[in-house]
Amino acid sequence: MNLLDPQLLDRDDTVASREPFPFLVARGQLPDSARADLDRDFPRYPSAGFFPHEQADCGASVNGLINELTSAEVADAIGRHLGIERLGQYPTLVTICRALNRRHGTIHTDSRSKIATALLYLNESWPETSEGCLRFLARADSIEDLVIPEIRPIYGNLAAFKRCDNSFHGHLPHAGERRVIQVAWLTSDAEKQRKTRRGRFSRLFKRLFGAIDRRIGARRKNDAAHLD
C-alpha cells in the first residue's frame, strides 16, 4: 500500500519558503480512498497529547503510513524544500495525537535536538474556527503575527519546518479531537531514546492523572509560550 507520493509535495498550491525560517505547507497528500482505513486504524488514546508511536496501538494502514512517512525517500523530498540535504539519514521519532486539551499549542521553536519536524493531519473535517489551526509565527510573543495563513488540520494537509532559533509556531487553545501524526528528525539515537522514555512516562501520567492535566492549562492565554 502506497499512500504518500513525494511528487505531490510539488503541487501548484504547495507553499515553501526559507524566510523567516524554512517551512513547507502541502495539501492533498493522502488519497481519498484511504480515509476509511486510516480512520478505523487510528489509535484510540484515552488521554490528550502526543504519544510515541507503538505499532500495537495502530491498525495496519496507520502503521503503513508511518513507514512511508519515515522513509528516506519521503524525508529527502521534504528536506529539499527545507534546504536540508539527505534529511532521511537522521533518526526519526514518531508521535501521534488524537486529542488535545487547552494547554497544548503554546508558542515554541522545538528543542535543539530536532533537525526538522513534519505534521500530517487526518481530521475528516474542522469547524469554522481558528482554534487548533497551526500557525507559523514571526515572533515569540504574539500568536497573531502570522507568517502565512494558518493551516487547518484537515485530512491530507502536511506542514513541515526546519528547527531554528526563530522557528516560532503554535495554535490557539483547543480542547477535543485533533488527529495528527508528527515526525521529528533528530540529531542522535540517544535523543530518540530519551524523548521516547519521556513520552511513555507522560502517557502513563496522563492515564492516571488526566483530570489534573486538563486543569493545568484550562486558563492558558493565547500568547503563552514555552521557548526551548
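Q: Why is Arg86 called exposed?
A: A residue is exposed when its relative accessible area is over 50%, buried when it is under 20%, and partly exposed in between, as found with a 1.4 Å probe and protein chains only. Arg86 has a relative accessible area of 51%, and therefore counts as exposed. This is a predicted model, in which local features need pLDDT of at least 70, side-chain atom pairs count only at pLDDT 80 or more, and totals for chains, interfaces and linings use all residues. Residues are numbered from 1 along each chain as its sequence is written, and side-chain values use heavy atoms, with hydrogens and water left out.

Q: Why does Asp110 count as buried?
A: The relative accessibility of Asp110 is 6%, so this residue counts as buried. Asp110 is found in the loop between β4 and β5, and its phi is positive, about 85°, although it is not a glycine.

Q: How do you know that the peptide bond from Glu19 to Pro20 is cis?
A: The omega of this bond is near 0°, and the bond from Glu19 to Pro20 is accordingly cis. Pro20 has its place in the loop between β1 (15-17) and β2.

Q: Why is the pair of Phe136 and Phe161 called edge-to-face?
A: The structure holds six aromatic pairs. Rings of Phe, Tyr and Trp (its six-membered ring) pair if their centres lie within 6.5 Å, and planes under 30 degrees apart count as stacked, over 60 as edge-to-face and the rest as tilted. For Phe136 and Phe161 the ring centres are 5.8 Å apart and the planes stand at 70°, so the pair is edge-to-face. The pair links distant parts of the chain, with Phe136 in strand β6 (residues 135-136) and Phe161 in strand β7 (residues 158-162), 25 residues apart. Both Phe136 and Phe161 are buried, and together with Phe21 and Phe23 they form one aromatic cluster.

Q: What makes α2 largely enclosed by the rest of the structure?
A: Of the ten residues of α2, eight are buried, and this is why the helix is largely enclosed by the rest of the structure. The buried residues are Ser61, Val62, Asn63, Gly64, Leu65, Ile66, Glu68 and Leu69. What covers them, by contact (heavy atoms within 4.5 Å), includes α1 (35-41), α3, β4, β5, β7 and β9.

Q: Which residues have the most contacts inside the largest nonpolar core?
A: A nonpolar core is a set of buried Ala, Val, Leu, Ile, Met, Phe, Trp, Tyr and Cys residues joined through side-chain atoms within 4.5 Å. The largest one has 36 residues, and those with the most contacts inside it are Leu30, Leu38, Leu65, Ile78 and Ile181. The helix α3 gives the most to this core, with five residues. A second, separate core of 15 residues includes Phe23, Tyr121, Phe136 and Cys164. Ile181 touches, among others, Phe42, Val62, Leu65 and Leu120, not counting residues up to four places away in sequence.

Q: How many residues line the second largest pocket, and which lie nearest its centre?
A: On a 1 Å grid over the protein atoms alone, a cavity is a set of points where a 1.4 Å probe fits but cannot get out, a pocket is an open set with protein on both sides within 12 Å along at least five of seven lines, and lining residues have an atom within 4 Å of a point. The second largest pocket is lined by 13 residues, of which His53, Thr92, Leu93, Val94 and Lys192 lie nearest its centre. Four residues, the largest share of this lining, come from α4.

Q: Which residues line the largest cavity?
A: The lining of the largest cavity is formed by Leu4, Asp5, Pro6, Leu9, Gln29, Leu69, Val74, Ile78 and Leu158.

Technical notes: Helices (H or I, at least four residues) and strands (E, at least two) are DSSP runs, numbered from the N terminus.
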